[in-house]
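Have a look at the fold before reading on.

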Amino acid sequence: MDEKTVKGPIRNRFHEAFMRFLVWREQHVKERTFTMFLALLVGILGGLAALVLKIAIHYISRAATSTINVTGGNWLYILLPAVGVIITALYVRYAVRHNISHGVTRVLYAISQNKSRLKRHNMYTSMVASSITIGFGGSVGAEGPIVYTGAAIGSNVGSWFRMSPRTLMILVGCGAAAGIAGIFKAPIAGMLFTLEVLMLDLTTVSVMPLLIASITAATIAYMSTGYEFEFFFAQSEDFYMGRIPYVILLGVFCGLVSLYFTRVMNFMENFFGRFRHRWIKTLAGCVILSSLVFLFPPLYGEGYGSIVGLLGGDTSSIVNGSIFYGDRDSVWFIILFIGLIILTKAFATSATNGAGGVGGTFAPSLYVGCMSGFLFAYVVNHLGFDITLSTKNFALIGMAGVMSAVMHAPLMAIFLTAELTGGYDLFLPLLIVSTIAYGTIKVFEPYSIYTMRLAQRGELMTHHKDKAVLTLLKVGNVIETDFLPVHPDMSLKEVVDVISRSNRNLFPVLNDKGELQGVVLLDDIRNIMFRPDLYRKLYVSTFMSTPPARIELGENMDTVMKIFDDTGAWNLPVVENGRYVGFVSKSKIFNSYRRVLRHYCED
């Protein structure tokens, strides 16, 4: 008996037992109760995934940089990032065969457009790709990939247990929260991430599963790697209330830095999008990335070593491994060096992703924030003012400021920074900087770096209930096709015959190619349809009218409703490249809207 013959019956018996369990669960366990159990399971799997990813990045990076010379330039910084990006690009191209970059944006798209369903391979492919990219020096973060991985775990676990779409959305949020909580040891920040970035609503239904998943993942992280904070920070200098004016200025500075970071990321993404040949794009990205990492070694990988150094007060370590090592004691060189790092980090991050690497902008925003806060305090201290700011404190506060503005998530940034470093004594300045930085960037950018592309396409689901429900609705689901068509050369007699067979008072006029030429309204011909003397004299082409607007198939529902409001119409035709598809009516949209709203807002 061969192996396949044995495995077949075993697989069938397992499937039958699993289906019996699902039936038993539906009969004896309420969905809300079972969701708690699944949140625990997702939290365990998400926490383990975060642990595996951190270990993989650590070992690859340590093996790749074991021969790095701290006291001078290293040509390996030119080779290693390019090697990592090329290996990742080959893996994605020939093994994964799907685009797995921009993980957080893809999770947002799945929630709003794909009923919270993610592919099974997303549970591991982003981890493999990002560990190679970051381990070899790609200037990105692991948080975007782990969010994608955790969300995929939640989506697939929910699908396996046949959960409803609404519960599936919550489990996707649980997976994302578990990923953040596990990789940062930050359970509160993990939950807040799903509320502010993924924009899930905090309700009595969602709050407990999110908390369970976050706490479970963070517990696994603490049990595996100890109870130390991710970034060690010892507050050796007290924060005085007299420093608040400088904290306010730092908030504005962080907001402007975040605006620069966001704009550069978008510019570079459009730049790489113009390359038609895949490998030329990879070559261009590798050249930019390797050149920047060679000149500024702190751009290598996630850059967490530099953050630890600045939070520990070790300023000169920022130039370790660079060709500028000899200038580490020069005040103005340090200012110039860190300023250039802030300016080039966005280019290095976008070059990594543009070339084919896989990573997120989560860690880069933390990194730029730390550098910005440190630079702000360092410059003030050397301008001759009668005041001394703690560079350590301001470096920590800057982390929250830039992250808050880049991600449009002030609460998450505040708690993540505090949980990462243990800097709870700086909670007031964290609140001030995060709020002001967020307010500053909102003046220029209404959407975060993750959501702006989806918002432009009308595919973003937000906390605004009306817009969220309209995002969930699709034009294709509300099209009515029971309208009998007529042709331009049909006589009035033939139209009357069609009317007698129809229960509608509207008739699309189509040519031989099925293209919409106009419409015939029953009210417009009511005064002539009972005059037999005109039956052979009038034709559709003479009394048809032009619809006030046409809706393209695939148009987002928010735009459709604006068209209805602008035209005052009750029915509008739907076309696809000019070909008639059907009609959409306000009444059908309103009925669907009420149904989705009840389901979406049910508590």
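Which residues touch the most other members of the largest nonpolar core? Within that set of 148 residues, the answer is F184, F193, L198, F362, M407 and M412. Helix 14 (residues 362-381) is the top contributor, giving 13 residues to this core. L198 touches V104, V107, L108, I111, A176 and F193, leaving aside residues up to four places away in sequence. Another core, of 18 residues, lies apart from it, with V486, M490, V495 and I525 among them.

Some ground rules. This is a predicted model, where local features need pLDDT of at least 70, side-chain atom pairs count only at pLDDT 80 or more, and totals for chains, interfaces and linings use all residues. Residues are numbered from 1 along each chain as its sequence is written, and side-chain values use heavy atoms, with hydrogens and water left out. A nonpolar core is a set of buried Ala, Val, Leu, Ile, Met, Phe, Trp, Tyr and Cys residues joined through side-chain atoms within 4.5 Å; a contact means heavy atoms within 4.5 Å. Buried is under 20% relative accessible area, exposed over 50%, partly exposed in between (1.4 Å probe, protein chains only). Helices (H or I, at least four residues) and strands (E, at least two) are DSSP runs numbered from the N terminus.

Now for the backbone. H102 isn't a glycine, yet has a positive phi, and N577 is likewise a non-glycine with a positive value.
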